[in-house]
Amino acid sequence: MLEDEHKESGNVVGFFGSGPGIGCTSIAKLFARRIAASGLRVIMLGLDLYDPGYDRKTAVSLDRLRPRITGKMLHDEDFSALVKQEGYAYLPGNFDYLSAQDYQEEEIEYLLARASESADVVIADFGSIPESAAWYVGMQKSVLRMIVTHPRHEHRLQPLMELAGHMDLHPQDFQWIINRSNVEELTSPKSLALRFGSELLLELPYYPSFPESLPLGKKELQHVDDKVHALLVSLGLAQETRKKGIFQ
């Protein structure tokens with residue numbers, strides 16, 4: 001993903017969906033859980049402003065923290081108070097749907113910067129709707145960008161990649177995660193990624209109930225962990241000899 005001639009620094013890994021319901025939040029949580037299992041401090045931010053990514057209100061959430069974000073008054077204790085998930089700290093997203101377009105880019109930039117200082121890795125779920133300030137900031141500030149998609153979303157991916165191009169991003173700046181890869185489609189996941197010029201990072205099978213934690217088998221989990229380790233190498237958080245194309 002990170003070629004030697006295209007080095008970036010940072011610890012924000014952004015997840016973007018090609019459409020609502022594609023599983024962007026579930027996959028982001030999977031990566032947060034597996035990175036945390038390696039012993040690193042992980043904060044996951046729900047930054048899909050149109051969907052909180054959580055099925056119940058909590059004492060802390062993006063909209064409840066917003067006054068502190070706007071006033072640039074976030075402290076370490078604010079991050080310590082986040083929802084405790086499976087080894088990582090989670091900030092559920094915006095429950096106030098009407099305020100989704102009111103967020104400013106500088107607010108999101110500040111939140112990402114403070115979270116980055118408080119964690120080894122920040123996993124950010126930016127959702128699938130490019131109208132929000134969070135989505136645009138995520139595209140610009142993420143050091144690694146994951147697109148969660150499915151072959152049936154081919155018609156959505158074209159304008160998404162064109163929009164990214166207007167932000168000086170190129171297909172090789174994205175890693176694709178094909179969710180529900182065992183649902184038959186005319187276009188194979190690999191050929192879809194190759195057609196757009198992006199790299200296929202991972203394929204995950206379809207889970208009908210779509211639970212909070214995807215019930216991966218041992219082989220699938222090992223494959224995810226291999227990719228997570230390579231991700232940590234690219235962030236400088238794990239030791240391994242660099243190869244051309246980190247995720248192989």
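## Overview

Helices, of type H or I with at least four residues, and strands, of type E with at least two, are DSSP runs numbered from the N terminus. On that basis, aspartate 168 lies in the loop between α6 (154-166) and β7 (174-178). The model is predicted.

The protein chain holds 8 helices and 8 strands. Of its 248 residues, 55% count as buried.

The 8 strands form an open sheet with mixed pairing. Their order is β3-β4-β2-β5-β1-β6-β7-β8. Two strands stand at the edges, β3 (83-84) and β8 (199-203). Each has a single partner strand, so one side of each is left without a neighbour in the sheet.

Strand β1 (residues 12-17) pairs with strand β5 (residues 121-127). The sense is parallel, and the pairing runs over 5 bridges. Valine 12 stands opposite valine 122 in β5.

## The nonpolar core

The largest nonpolar core has 80 residues. Phe15, Leu47, Ile123 and Trp176 touch the most other members. Helix α1 (residues 24-37) gives the most to this core, with 8 residues. In soluble globular proteins, nonpolar side chains tend to be buried together.

Take isoleucine 123. Beyond its neighbours within four places in sequence, isoleucine 123 is in contact with Val13, Phe15, Ala28, Ala32, Ile35, Val42, Ile43, Met44 and Leu45.

## Helix α5

Helix α5 covers residues 133-141. Its buried residues are Ala133, Ala134, Trp135, Val137, Gly138 and Met139.

## Helix α6

The 13 residues of α6 should span 18 Å at 1.5 Å a residue. The end C-alpha atoms are 19 Å apart, which agrees. The buried residues of α6 are Leu157, Leu160, Met161 and Ala164. They cover an arc of only 100 degrees around the axis, which puts them on the same side of α6. His155 and His166 are exposed on the other side.

The buried residues pack against α5, β6, β7 and α7 (189-196). Glutamine 158 also belongs to α6. Its relative accessible area is 32%, so glutamine 158 is partly exposed. Leaving aside neighbours within four places in sequence, glutamine 158 is in contact with Arg195 and Phe196. The C-alpha atoms of glutamine 158 and serine 18 are separated by 9.9 Å, although the two residues lie 140 residues apart along the chain.

## Two positive phi angles

Most residues other than glycine have a negative phi. Lysine 72 has a positive one, near 55 degrees. Lysine 72 sits in the loop between α2 (62-70) and α3 (76-80). Its relative accessible area is 52%, above the 50% cut-off, so lysine 72 counts as exposed.

Aspartate 168 follows α6. Its phi is also positive, at about 60 degrees, although aspartate 168 is not a glycine. With 64% relative accessibility, aspartate 168 counts as exposed.

Terms used:
Residues numbered from 1 in each chain as written. Predicted model: local features only at pLDDT ≥ 70, side-chain atom pairs only at ≥ 80, totals over all residues. Heavy atoms only, no water. Buried < 20%, exposed > 50% of the residue type's maximum accessible area, 1.4 Å probe, protein only. Contact = heavy atoms within 4.5 Å. Core = buried A, V, L, I, M, F, W, Y, C linked by side-chain atoms within 4.5 Å. Pairing = 2+ DSSP bridges. Expected span 1.5 Å × (residues − 1). Arc of directions from axis to C-beta.
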